[in-house]
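Here is a short report on one protein chain. Look at the sequence and the model first, then read on.

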Amino acid sequence: MSLTQKTSPLSGEAIATRLLDNMVVLIFLALALALAMVSPLFLTPDNVLNVIRQVSVIIIISVGFTLVLGSGEIDLSVGAVMGLTGVFMAQMMVAGVPSFLAVILGLGIGVLLGFVNAALITVFNLNPLITTLATAGVFRGFIYIVTNTKPVSGLPANFIFIGQGSVLGIPIPILIMIVSVIAIFILINRTVFGRRAIAIGGGRNAAIVSGVSLPRIRFAVYGVMGLMAALAGAVQTARSASAQVGAGDGIELDAIAAVVIGGTALWGGNARIIGTVFGCLIVGMVANGLNLLAINANWQVVAKGALILLAIVIDSVSTQLVQQLRRRSRLRTERLQAVESPATTEGVLQ
């Protein structure tokens, strides 16, 4: 038997590794089947489209969060950035600023808030988790101050169309979500910046020694995250036709759950955009299924927390199993190479 045959991709370990790598797809299919069995309304076209429309904002946030986690960082201020930029855009439009210009300025504010996070973490060498938790409180406080805890309404129709309109029957939020997924996928997988960001997440010291600038990567990562949070804020504000004071509150937990369920390591080193999309769909399906089953809102909060715990457990267990399988496969390959090339081995020993 040749070496190629012995390391066939159809071997049991290879299949097990592949299944563990795509655990999110299996969870998605199992959950969809279970919900379809307990609720006949779940798989109706209208409800499926409703789920996708509802998770569009979470997906826009989560693909940016995938880059953040993949680079070994974390940002707990994304919900506050989303809410604050939505409020700024709404107030500018109410004050007479054209919708297009207000959205552009709002996106720029999102990038600026991301830079604020990066600057605080880099200049003062602060912990990203504690820093962004603190800035989340500051940003959320500004929302209460500038709105006086009241929603901002009276938005122009051409802006509301972004959240409530459709093109060729496809809701615009879904189109924006698709463009966001493709853009971040290319950014992570097809650019030098993306590869360097993930390299820093996988081994910070090694990446820095090889010439990667941590401050530059960090500013870019948090800037992209701020941009995606602001984009989500624009879509959410347009969908509800008003800027709500509590917009984005707690969405960072949904993003963390979706990204980790999707296979991105909690502490960096890889980033799976497609997995994140499936993770978001799972989060959306759980919320939708609980609504269809008329589960009490308080229990829905419990279910969401349990989902995050489940995501962390799945991430830990599947990562350990994949590492064990790959280590075992590598050792077996090395032994086979030694057996099939005894002359080379003897030459090395001599």
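What volume does the largest pocket have?

## The largest pocket

The largest pocket has a volume of about 650 Å³. The model is a predicted one. A total of 34 residues line this pocket, and Q54, I58, D254, A287 and K304 are the closest to its centre.

Several helices contribute. Helix 4 (45-70), helix 5 (78-94), helix 12 (214-240), helix 13 (251-261), helix 14 (273-292) and helix 15 each give two or more residues to the lining. Helix 14 gives the most, with 7 residues. Sorted by class, the lining has 16 polar, 14 nonpolar and 4 charged residues.

## The second largest pocket

The second largest pocket has a volume of about 330 Å³. Its lining has 20 residues, and those closest to the centre are D21, G263, N270, R272 and T319.

Which element supplies the largest share of this lining? Helix 15 does, with 7 residues. At least two residues each come from helix 2 (12-21), helix 3, helix 13 and helix 15. By class, this lining has 8 nonpolar, 8 polar and 4 charged residues.

## The chain as a whole

The fold contains 16 helices and 2 strands. Along its principal axes, the C-alpha trace spans about 85 × 55 × 40 Å.

V87 is an example of a buried residue. V87 lies in helix 5. Its relative accessible area is 1%, so V87 is buried, the cut-off being under 20%. V87 and G106 are 19 residues apart in sequence, and their C-alpha atoms are 8.9 Å apart in space.

## Salt bridges around E73

Side chains of opposite charge can pair when their charged atoms come close. In this chain the count comes to 2 salt bridges. E73 forms a salt bridge with R204, with the closest N and O atoms 3.1 Å apart. This pair links distant parts of the chain: E73 is in the loop between helix 4 and helix 5, R204 is in helix 11 (residues 204-209), and 131 residues separate them.

R218 also forms a salt bridge with E73, and here the closest N and O atoms are 3.0 Å apart. R218 sits in helix 12, 145 residues from E73 in the loop, so this pair too links distant parts of the chain. Shared partners join E73, R204 and R218 into one network.

R204 is partly exposed, with a relative accessible area of 28%.

## A nonpolar patch on the surface

The surface carries a nonpolar patch. L33, M37, V38, L41, L292, L293, I295, W299 and V302 form it, with about 910 Å² of accessible area together. Helix 3 (23-38) and helix 15 (297-340) are the elements that give two or more residues to the patch. Helix 3 gives the most, with 3 residues.

Why does W299 count as exposed? W299 has 58% relative accessibility, and exposed means over 50%, so W299 passes the cut-off. This residue lies in helix 15. Helix 15 also gives two or more residues to the lining of the largest pocket.

Technical notes. Residues are numbered from 1 along each chain as its sequence is written. This is a predicted model: local features need pLDDT of at least 70, side-chain atom pairs count only at pLDDT 80 or more; totals for chains, interfaces and linings use all residues. Side-chain values use heavy atoms; hydrogens and water are left out. Patches are made of residues with over 30% relative accessible area and no salt bridge: like charges are joined within 9 Å, nonpolar side chains (Val, Leu, Ile, Met, Phe, Trp, Tyr) within 5 Å. Accessible areas come from the Shrake-Rupley method with a 1.4 Å probe; for residues, only the protein chains shown count as cover. A salt bridge is a side-chain nitrogen of Lys or Arg within 4 Å of a carboxyl oxygen of Asp or Glu. Helices (H or I, at least four residues) and strands (E, at least two) are DSSP runs, numbered from the N terminus. Buried means under 20% relative accessible area, exposed over 50%, partly exposed in between (1.4 Å probe, protein chains only). On a 1 Å grid over the protein atoms alone, a cavity is a set of points where a 1.4 Å probe fits but cannot get out, and a pocket is an open set with protein on both sides within 12 Å along at least five of seven lines; lining residues have an atom within 4 Å of a point. Grid points are joined across faces, edges and corners, and a volume is the space filled by probe spheres set on the points. Ala, Val, Leu, Ile, Met, Phe, Trp, Tyr, Cys and Pro count as nonpolar, Asp, Glu, Lys and Arg as charged, and the others, Gly among them, as polar.
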